[in-house]
Amino acid sequence: MKHKNLKPFSNNFLWGASTSAYQVEGAWNEDGKGPSVMDMREEFPEGTTDFKVASDHYHHYKEDVSLMAEMGFKAYRFSIAWTRIIPNGTGEVNSKGIEFYNNLINELIKYNIEPIVTMYHFDLPHVLQEKGGWSNRETIEAFVEYAKVLLNSYGDRVKYWLTINEQNMMIMHGKALGILDSNLEEVDCELYQQNHHMLVAQAKVIDLCHQMLPAALIGPAPNIAYVYPATSKPEDVLAAQNFNAIRNWLYLDAAIYGRYNATAWSFLEEKGYVPTIVDGDMDILQKANPDFIAFNYYATKTVEASVEDGNEKIGTGDQEIVIGEKGVYKGHSNPHLPTNDFGWQIDPVGFRATLREVYERYQLPIIITENGLGAIDKVEEDGSINDTYRINYYKQHLEQMQLAITDGVDVFGYCPWSAIDLISTHSGAKKRYGFIFVDREEFNLKELRRIPKQSFYWYKDVIASNGESLDY
Ligand code: BGP
């Protein structure tokens, strides 16, 4: 649809950016922090660093927040490391961990930056993983106990809460994310049981948040990407419906409507992945009412029909590269879309399509909690970093987001990935996303100096003009 006039971004639009604890903080075993599954990860793709020092935000947070303030951030989305707060997953609370996030939140508030807190971003406590992780139903209560500590400690200053980051990617790409327990037998069946436990845990925490903090707002934070059929062949359209139902709507339908959608459920039945649902679970799902939807968007997905039988997967992939399911859908590379240096497709128009689809389906306000371009940035001899490719990427996505707003979608914030350079989940330090360069290499930490990139200055103008000035 063409519009004669574009609707402006709202006056209190939450411009900001995101990070996650294990990718940015470092200090993995300092001040009483316990190990998470990310700290204990043994296999890293060759030539890529672990997360032990990352961007050392733990020791640089004041400098980092002051740079965010210089950009004019209205919000900062970060995650809290469960093992900094409760080192063993349950039981004793670590006062030093509580203190760190108190300091961070206070620093943000000093600059009028709204803290947006993700409770759990891939870094399950290692002690809980040893006890079966999300396969163990007791992890539900552990998450509720941990969430209660967060709501108690920070609820006086934090209004926006996100439950679980990209639960759908943990289920579909746990291996690529480095969080899949290698001892799991009948992996897929087990994963959908874990998924069910996470859905119940999330619903309990949403309800708890509303009881404890009536003025707070809380929502889920999956990775949502609209799925296109490879062609207009009816079988390809069905495959796209299948993948939309399994990848996207399963997670949002459960969070918002408290039910499994019919297509996803029939997929679970067909494959033999139906989870055990205990009496009362569906009531818990139905009772929870998120206040908004947060979602991460990188690019749409494209699939074609799969006519094969069997339960084996088709191909390999990561959170942005489709792994097919025999008889259900098969990944297809969209010939109309460019890719970045790491093989991820780029689809700004698909961003508008995804926003429209999510809003029409759920009618809840939306905040974007990730979107961004991973690239290999270069420091020029004069010290500048000219990441015009990143600016172009953002510009195109912001244009499409404004078109979606003009289409009637209620978007109240944009926190792309990432505020500052951090360690990519599986491509190490060289795949950079930040507005702020962190001077370190894969295995040479150098001085971890912070250098604003060209995109830093561009985003500063975008925010100052409330999204009116996108050119550079
Ligand atoms: C999302 C995760 C982030 C981040 C991002 C970029 O799936 O929520 O934690 O990792 O993707 O991915 P990568 O680091 O693999 O490039």
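**Exercise 1.** What is the order of the strands in the open sheet of eight strands?

*Solution.* The model is predicted, so local features need pLDDT of at least 70 and side-chain atom pairs count only at pLDDT 80 or more, whereas totals for chains, interfaces and linings use all residues. Residues are numbered from 1 along each chain as its sequence is written, and side-chain values use heavy atoms, with hydrogens and water left out.

Step 1. Strands (E, at least two residues) and helices (H or I, at least four residues) are DSSP runs, numbered from the N terminus. Two strands pair if DSSP finds at least two bridges between them.

Step 2. The order is β5-β4-β3-β2-β1-β13-β12-β7, and the pairing is parallel.

Step 3. At the edges stand β5 (217-221) and β7 (293-296), each of which pairs on one side only.

**Exercise 2.** Describe the pairing of β2 with β3.

*Solution.* Step 1. Strand β2 covers residues 75-79 and strand β3 covers residues 114-120. They pair in the parallel sense over five bridges.

Step 1. Within this pair, R77 has I116 in β3 opposite to it.

**Exercise 3.** Is S20 buried or exposed?

*Solution.* Step 1. Locate the residue: S20 belongs to the loop between β1 (14-18) and α1 (21-24).

Step 1. Apply the cut-offs: buried means under 20% relative accessible area, exposed over 50%, and partly exposed in between (1.4 Å probe, protein chains only). S20 counts as buried because its relative accessibility is 0%.

Step 2. List its contacts (heavy atoms within 4.5 Å). Leaving aside residues up to four places away in sequence, S20 touches S79, H121, W417 and L422.

**Exercise 4.** How many cavities of 30 Å³ or more does the structure hold?

*Solution.* Step 1. Rolling a probe the size of a water molecule over the atoms shows where empty space is left. On a 1 Å grid over the protein atoms alone, a cavity is a set of points where a 1.4 Å probe fits but cannot get out; lining residues have an atom within 4 Å of a point. Grid points are joined across faces, edges and corners, and a volume is the space filled by probe spheres set on the points.

Step 1. There are seven such cavities.

Conventions: On a 1 Å grid over the protein atoms alone, a cavity is a set of points where a 1.4 Å probe fits but cannot get out, and a pocket is an open set with protein on both sides within 12 Å along at least five of seven lines; lining residues have an atom within 4 Å of a point.
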